[in-house]
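Let's read a fold together, one feature at a time. Please keep the model open beside the text.

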Amino acid sequence: MAFHLQTSDPQIFDFICQEWRRQNEHLEMIASENYTFESVMEAMGSVLTNKYAEGYPSKRYYGGCEVVDKIEEIAIERAKKLFNCAFANVQPHAGSQANMTIYHALLKPHERILSMDLSSGGHLTHASPVSLTGKHFQGFFYGLNHEGWIDYDEVLKIAKIVRPKLIVCGYSAYPREVDFKRFREIANEVGALLMGDVAHIAGLVVAGEHPHPFPHCHVVSTTTHKTLRGPRGGLILSDDLEVASKIDRALFPGLQGGPLMHVIAAKAVGFLENLKPEWRDYIIQVKRNVQVLVKVFLEHGFDLVSGGSDNHLLVMRLHEYSGKDAQIALDRAGITTNKNSVPGDTRSPMLTSGLRLGSAALTSRGMQEEDFHFIGNKIVEVLQDVQNSAKHARIREEVVAFSKRYKTYDTPIF
């Protein structure tokens, strides 16, 4: 097949091909990544990328929006149906913009936000001091107990002291279920709004394989990739129509200009996939595959935060070497992961004492329990001998041969 890009910019085309080969040959285990549907990529590469559409359907600042209005309306209706809620804004470019929009809509500058600290599994946009959200608002934090679980009584105790305007629940590296009902009780007791950031668990939520944030959360943010397998983007949801009107105004004209109509179309395509009955089968397999990893790692004496997982990811606590060392060693073996801070981490965020692993991407390639048993044991082999580059090279050959059985895409461009 001939591609225009191959002629017009062979250098970039070559790099895309290199990345395509990497994705086919490596085992992608970063918990926030996934392989999206081919139909989603086709929508993203469509003529919709040419269209400006500032505003909302039927309320645009540009002409020629009759078609894209219909596309955005479909995306909104599918999102509401998927999450069983009254309102959806499909325009956020990313989860970070979605979170910032919620704060901008519901808080005044320097009001207090209570969220999980970074080392325990929180996110930068949950008012971390190094994030813009932490500069505009006052961030206060709760963590995990010694067993690696959320202590809701401790969260309540902190909330009573801090008296936040907003409490955030939902995380980037928490391997257990979130009790949204208990968080709402805490929020009610201190007069706070409750925000659920379900970016990591959204695919599980809509499959009925994780507790639902509604009716407990006043507002919910998520990305549309990760466990949803859609395009890279953000989404804001609510059952409170008063909150909804504030959200729309805060996003546009508050934080963003023109929405990315090709991405919104791709979100609609992804939501349709999520609404299919077989979606739940996929998510159940995602969870089963994590449990295989948990079993393999515990059998070999590895230390897991909270002792296991209820969702699509796990966090391994490392002692003799850093998360960075582990990540580099695994990458040499063709296994892509990310270093991650752990509760009480004494190493810097550039080193960390942990490793985060997820199962969603490889499950998307069709891998099941037997495959994850192989993968788990290869990870063990690497981590038991982190400095042995020759051994890692040998394992890489095995990984490449294994990966070829589970192709990602037939072509690098759609």
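Q: What should I know before I start?
A: This is a predicted model, where local features need pLDDT of at least 70 and side-chain atom pairs count only at pLDDT 80 or more, while totals for chains, interfaces and linings use all residues. Residues are numbered from 1 along each chain as its sequence is written, and side-chain values use heavy atoms, with hydrogens and water left out.

Q: In what order do the 7 strands of the open sheet lie?
A: Strands (E, at least two residues) and helices (H or I, at least four) are DSSP runs numbered from the N terminus, and two strands pair if DSSP finds at least two bridges between them. Here the order is β4-β10-β9-β8-β7-β5-β6, with mixed pairing. At the edges, β4 (87–89) and β6 (138–142) each pair on one side only. Within the sheet, β8 (residues 193–197) runs parallel to β9 over 3 bridges, and M195 stands opposite V219 in β9.

Q: Which strands does helix α8 lie across?
A: For angles, axes are lines fitted to C-alpha atoms, for helices over the stretch in contact (heavy atoms within 4.5 Å); angles run from 0 to 180 degrees between N-to-C directions. Helix α8 (residues 180–190) lies across β6, β7 (166–169) and β8, at about 170° to β7.

Q: What is the order of the open sheet of 4 strands?
A: That sheet reads β11-β12-β15-β14 and pairs antiparallel.

Q: Which residues touch the most other members of the largest nonpolar core?
A: A nonpolar core is a set of buried Ala, Val, Leu, Ile, Met, Phe, Trp, Tyr and Cys residues joined through side-chain atoms within 4.5 Å. Buried means under 20% relative accessible area, exposed over 50%, partly exposed in between (1.4 Å probe, protein chains only). In this core of 69 residues, they are I167 and F183. Helix α4 (residues 66–83) supplies the largest share, 7 residues. Apart from this core lies another, of 34 residues, including V296 and M316.

Q: Where does K226 lie?
A: K226 sits in the loop between β9 (219–223) and β10 (234–238). An unreviewed UniProt entry places "modified residue: N6-(pyridoxal phosphate)lysine" at K226; UniProt positions use the numbering here, feature names are shortened, and annotations may be inferred rather than shown by experiment.

Q: Is K226 buried or exposed?
A: K226 counts as buried because its relative accessible area is 11%. Leaving aside neighbours within four places in sequence, K226 is in contact with S32, N34, A199 and H200.
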